[in-house]
Amino acid sequence: MDLPREIAAVRGELARADAKAATLAGLVGTAVSIAGGLAAVSATRLPMSAQIALWATITLLAAALLTLLLSIRPSLPRPGAGFGWVAHAYATPEALAAVAGLDTGRTQYAELIGLARLARTKYVRIRTAVDLLLTALGTAVPTTILIITGGAS
């Protein structure tokens with residue numbers, strides 16, 4: 001196994017995951033703003049069924065946004081753990097000198113495992129957010145119908 005190539009591949013996956021999450025977060029943020037504005041403007045004039053459906057949609061959109069924000073939030077290891085710049089941020093000059101004597105293969109394996117776990121966590125969160133978005137879209141359609149038709153007053 002070519003460890004540097006594998007590590008680079010996982011780093012690429014992390015960059016793609018961050019880009020996906022950021023794109024979705026922008027879309028969801030816009031949807032939450034629109035739905036929240038609609039709720040604020042028309043809540044007093046909407047029938048109860050339409051208000052409930054609207055707030056269910058807003059809640060799902062907000063949960064999706066929260067999940068996406070968690071997926072792009074940096075996960076930093078505790079002091080004394082981690083690799084690369086994170087480990088260096090907490091290291092002393094003596095500790096850095098000691099690291100130079102370590103078996104680089106073992107260090108690279110640990111780095112690969114840590115990065116792969118981080119990528120998996122990000123993709124699980126993105127998948128959860130997309131599931132929430134799909135559910136929110138499923139409630140948005142009946143909500144819109146209830147708003148347009150006046151619902152069951």
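**Exercise 1.** State where Val 10 lies and determine whether Val 10 is buried or exposed.

*Solution.* Val 10 is placed in helix α1, helices being DSSP runs of H or I with at least four residues, and strands runs of E with at least two, numbered from the N terminus. The relative accessible area of Val 10 is 14%. Buried means under 20%, exposed over 50%, and partly exposed in between, with a 1.4 Å probe and protein chains only. Val 10 is therefore buried.

This is a predicted model, in which local features need pLDDT of at least 70, side-chain atom pairs count only at pLDDT 80 or more, and totals for chains, interfaces and linings use all residues. Residues are numbered from 1 along each chain as its sequence is written, and side-chain values use heavy atoms, without hydrogens and water.

**Exercise 2.** Identify which residues Val 10 is in contact with, leaving aside neighbours within four places in sequence.

*Solution.* Contact means heavy atoms within 4.5 Å. On that basis, Val 10 touches Leu 112, Leu 115, Ala 116 and Ala 119. For Ala 119, 109 residues away along the chain, the C-alpha separation from Val 10 is 7.1 Å.

**Exercise 3.** Determine whether Ile 34 is buried or exposed.

*Solution.* Ile 34 belongs to helix α1, residues 3–42. Its relative accessible area is 58%, so Ile 34 is exposed.
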